Amino acid sequence: MKFLLTVLSTFIMVISMTNQAFATLSVDVSSLTSVAAFSCAKNLGYSTAAIRGYFEAYGNNPGGAIDSNFLKSYENAKQAGYTDIDVYMFPCTGRSTCKTPQQQVNELVNLINTNKVIVRTAWLDVEVDKTSGNWNLGPAKNQEILKEFFAAWKSTGWKFGIYSSQSQWEAITGDKNWVLDSSLPLWYAIYDKNSSLNNYRAFGGWTQGTCKQYDGDAKFCGASFDKNICK
Ligand SMILES: *[C@@H]1O[C@H](CO)[C@@H](O)[C@H](O)[C@H]1NC(C)=O
C-alpha cells in the first residue's frame, strides 16, 4: 500500500510538472515599454508578450484610435528577443462618435500589415472602462456590438480571441452564460496573483481559457506589466 501510494504520488508529481512545463508566463502592456524593461521581463521568465494596439480613445480621438505606442513597444519587444507577440484591441463602444467595429478592426489590421508586424493572436478586450463610458448602451445593444466586432475580426482571416472575465461579461452582455462563440481562444482575468490556470470562473460558454491574467498593473523591471499564464 505504501509503495502504491509512493508510485501514485510520483506519477501525480510528474503530471503536474508536465503541466507546468507546457504553461508559459506572459506580460502585457498598454504604455510605451523599453527594450530594457522587456529584456528584464524576459529574463524573469515571461516568454511571450501582448501589446495594446488600439484603444477606446476619448477626448481628442473620440472614435477609437491606433495606440501611438504600439509600433515602438513592438519593436522594443522584438529587440529584447520576443518572438511570440500578441496584439490586443480595446475597442470604442457605446459612444455615438465611435467608428464602426469594421473601421476599427481595419485600422489596426492596416497598421500591422503596412509595418510588416508579425502578431500571433489579436485579442478583443471586453471590459468596462468607466472613464471612457464604453459598453453603456445596455445588454441587447452590447451583444449586437460584440457580434459586429466578431464579424469584423472573422473577415480578416486572423487568429483572434476574446479577453474578458466572468463579471465583465455579465455586466456587458447581461448574462454570464451568453455565448458569442465559445470556440474562440479565451484570455480571462482573475486577479488572484496565482499563476495557475485552474482557478477559472466560467462564462460565455467557454469551459477553459487559453490564458489567464492573474495580476494587473504589477510594477517590476522599471515598467508596468500585467502578468499572465498561458497554456
Ligand atoms: C494557486 O491555485 C492552485 C489551484 O487552485 C492552488 O492549488 C494553489 O494552492 C494556489 N497557490 C497559492 C499560492 O495560493
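User: What pLDDT does the protein average?

Analyst: This is a predicted model, so local features need pLDDT of at least 70, side-chain atom pairs count only at pLDDT 80 or more, and totals for chains, interfaces and linings use all residues. Residues are numbered from 1 along each chain as its sequence is written, and side-chain values use heavy atoms, with hydrogens and water left out. pLDDT is the predictor's confidence in each residue, from 0 to 100. Here 90% of the residues score at least 70, and the protein averages 91.

User: How many contacts beyond four places in sequence does the model have for residues 10–19?

Analyst: Contact means heavy atoms within 4.5 Å. Where pLDDT is low, the predicted coordinates should not be read in detail. Residues 3–8 stay under 50 in pLDDT, with 0 contacts beyond four places in sequence. Residues 10–19 also stay under 50, and their number of such contacts is 0.

User: Is the F70 and Y74 pair stacked, edge-to-face or tilted, and why?

Analyst: Phe, Tyr and Trp rings (the six-membered one for Trp) pair if their centres lie within 6.5 Å; planes under 30 degrees apart count as stacked, over 60 as edge-to-face and the rest as tilted. A search of the whole structure turns up 17 aromatic pairs. For F70 and Y74 the ring centres are 6.2 Å apart and the planes sit at 40°, so the pair is tilted.

User: Which helix holds both F70 and Y74, and are they buried or exposed?

Analyst: Buried means under 20% relative accessible area, exposed over 50%, and partly exposed in between (1.4 Å probe, protein chains only). F70 has 0% and Y74 has 3%, so both count as buried. Helices (H or I, at least four residues) and strands (E, at least two) are DSSP runs, numbered from the N terminus. The two residues are 4 apart, about one turn, in helix α3 (residues 70–79).

User: Which residue lies over the face of Y82?

Analyst: A charge sits over a ring if NZ of Lys or CZ of Arg is within 6 Å of the ring centre and within 35 degrees of the ring normal. Y82 is also among the contacts of Y46, along with L25, S26 and V27. At 5.8 Å from the ring centre of Y82, the residue over the face is K42.

User: What separates the C-alpha atoms of Y46 and I229?

Analyst: Y46 is in strand β2 (residues 46–55) and is buried, with a relative accessible area of 8%. Its contacts beyond four places in sequence include Y214, F220 and K227. I229 is 183 residues away along the chain, yet the C-alpha separation is 8.9 Å.

User: Which residues does S132 touch, not counting those up to four places away in sequence?

Analyst: S132 is in the loop between β5 (122–125) and α5. At 5% relative accessibility, S132 counts as buried. Its touching partners are E56, Y58 and R95.

User: What is the phi of A57?

Analyst: Most residues other than glycine have a negative phi. A57 lies in the loop between β2 and β3 (65–66) and counts as buried at 2%. It is not a glycine, yet its phi is positive, about 40°.

User: Is K116 buried or exposed?

Analyst: K116 is found in the loop between α4 (101–114) and β5. It too is a residue other than glycine with a positive phi, near 50°. With 70% relative accessibility, K116 counts as exposed.

User: Which residues surround the ligand, and how far is its oxygen atom from the side chain of N194?

Analyst: A residue is near a molecule or strand if one of its heavy atoms lies within 4 Å of it, and the ligand is surrounded by N194, S196, N198 and N199. A ligand oxygen atom is 2.6 Å from an N or O atom in the side chain of N199. For an N or O atom in the side chain of N194, the distance from a ligand oxygen atom is 2.4 Å.

How values were computed: Polar contact = N/O pair within 3.5 Å; in protein donor to acceptor, adjacent residues only side chain to side chain.
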